Amino acid sequence: MLKVSNTSIEEALRLFNGSGISTGLLVPTRTGLSKSIIDATLSFRDFLRETGVHDYSMQTRGVKEYVSANFVLPDSCIKTKASFYRPKAKPKQDGDPRVWFYQLTQYCRPTDLLAVVAYDGELYVFNMSNKDVVRAFGVPGSYPHEILSACAEVISPVASELLCKLKQIHKKGFISGVKHGDTNVGMTLEDLLGIKPNADKTPDYKGIELKSSRKLGKAVSKISRTKKITLFANIPDWKRSQFTASDILSTFGYIEDGRLQLYCTVSNLVNSQGLYLDAHDEVDLINKAKTEKYSGGVAVWALKTLKARLAEKHRETFWVQASSEVVDGKEFFRYDYVRHTRKPNTANLASLFDSGIITLDYAMHIKPNGGVRDHGYLFRTTGDKLAHIFPLEKVYDLSK
């Protein structure tokens with residue numbers, strides 16, 4: 001279809017690629033304009049999927065889906081909408097996916113080259129066969145120039161792809177959980193995304209970490225004030241620590257349900273077990289104790305190690321929030337919101353510990369054979385503190 005374009009495709013791509021902007025190209029034919037149908041080519045479908053706007057492979061056949069769109073002029077934008085359609089398959093045929101922009105016949109002529117970019121969940125259509133539109137690219141303050149400047153800051157293709165999949169999952173409504181207990185919400189989402197369970201410390205989805213939680217209120221921010229979030233887990237540097245895991249449990253643990261255990265949060269303030277964190281020297285994070293029986297160091301982590309762990313785990317993270325309901329004893333989830341963070345502020349990690357923004361959770365108990373069972377040394381925060389750790393953050397409503 002593109003070969004019938006009346007405008008140089010190479011020149012059009014140069015204008016967008018120079019700014020690192022992903023572009024989808026379409027050339028409507030005379031027949032297509034008259035029938036209000038444009039075939040969504042493979043490259044255009046890839047563009048939509050990679051930018052997180054739409055994934056035809058997850059679309060129900062025979063049902064149209066829509067997104068907001070805009071026709072770009074030199075001095076303005078015309079609001080419209082785009083429709084996506086996947087025909088019901090005929091015998092031995094798959095049916096070509098289709099796209100259409102309402103009122104397109106008023107914006108272009110047959111064989112005009114249309115360049116489509118995505119920004120903030122909407123599509124912007126540039127008629128590259130319109131010389132006035134192309135000239136406006138280089139004019140600061142013009143609509144084409146301002147839109148491209150904004151688009152140059154959009155999220156990565158992988159993040160857009162994941163966001164698109166999450167939007168499609170949201171459309172499915174409440175989905176039966178695959179497990180039981182606290183981890184059910186995360187395990188169910190990973191199952192829906194085709195991610196196999198593993199104990200690997202690397203991020204979950206093509207370099208993006210996924211952290212799922214239940215939404216406890218209607219507002220997206222409510223969960224951040226009421227729910228702890230595990231950032232990562234990391235064992236102490238036992239060679240430099242004063243106590244072993246067994247020593248920590250036997251010294252600071254308590255008997256509950258007939259077993260010795262230690263489940264507590266350690267912060268910059270002394271807790272009920274007499275434990276607290278100290279990172280004042282900006283070299284080590286030291287878990288110290290101040291009790292009647294003991295005062296001094298307990299366990300040590302090199303801040304350099306913790307910085308690397310945080311940067312590795314959360315280079316880019318989707319914090320997914322789900323609504324939860326229980327029917328006949330089984331939990332169902334609808335995934336509603338995403339908080340997208342990038343580039344953790346590791347330089348000030350010592351201050352984050354000393355101000356109580358990041359805390360440590362001990363989660364250990366004695367096993368029947370006398371050994372220590374721990375669930376990891378968990379470094380955690382609350383959602384309202386994420387902005388202190390991650391300077392770059394954006395919230396997406398998956399229903400939009």
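Buried residues are those under 20% relative accessible area, exposed ones those over 50%, and partly exposed ones lie in between (1.4 Å probe, protein chains only). Helices (H or I, at least four residues) and strands (E, at least two) are DSSP runs, numbered from the N terminus. The structure is a predicted model, in which local features need pLDDT of at least 70, side-chain atom pairs count only at pLDDT 80 or more, and totals for chains, interfaces and linings use all residues. Residues are numbered from 1 along each chain as its sequence is written, and side-chain values use heavy atoms, with hydrogens and water left out.

In helix α10 (residues 303-313), the buried residues include L303, L306, R309, L310 and K313. These residues lie on the same side of α10, because they cover an arc of only 120° around the axis, the arc being that of the directions from the helix axis to the C-beta atoms.

An open sheet of mixed pairing is formed by seven strands in the order β1-β6-β7-β3-β4-β5-β2. The edges are held by β1 (24-26) and β2 (38-39), each with a single partner strand, so one side of each has no neighbour in the sheet. Two strands pair if DSSP finds at least two bridges between them. Strands β4 (residues 77-85) and β5 (residues 98-101) pair in the antiparallel sense over four bridges, and V99 in β5 is the bridge partner of F84.

Most residues other than glycine have a negative phi. D257, in the loop between β11 (254-256) and β12 (259-266), has a positive phi near 55° and is exposed at 75% relative accessibility. E282, in the loop between β13 (275-278) and β14 (284-290), has a positive phi of about 60° and is exposed at 56%.
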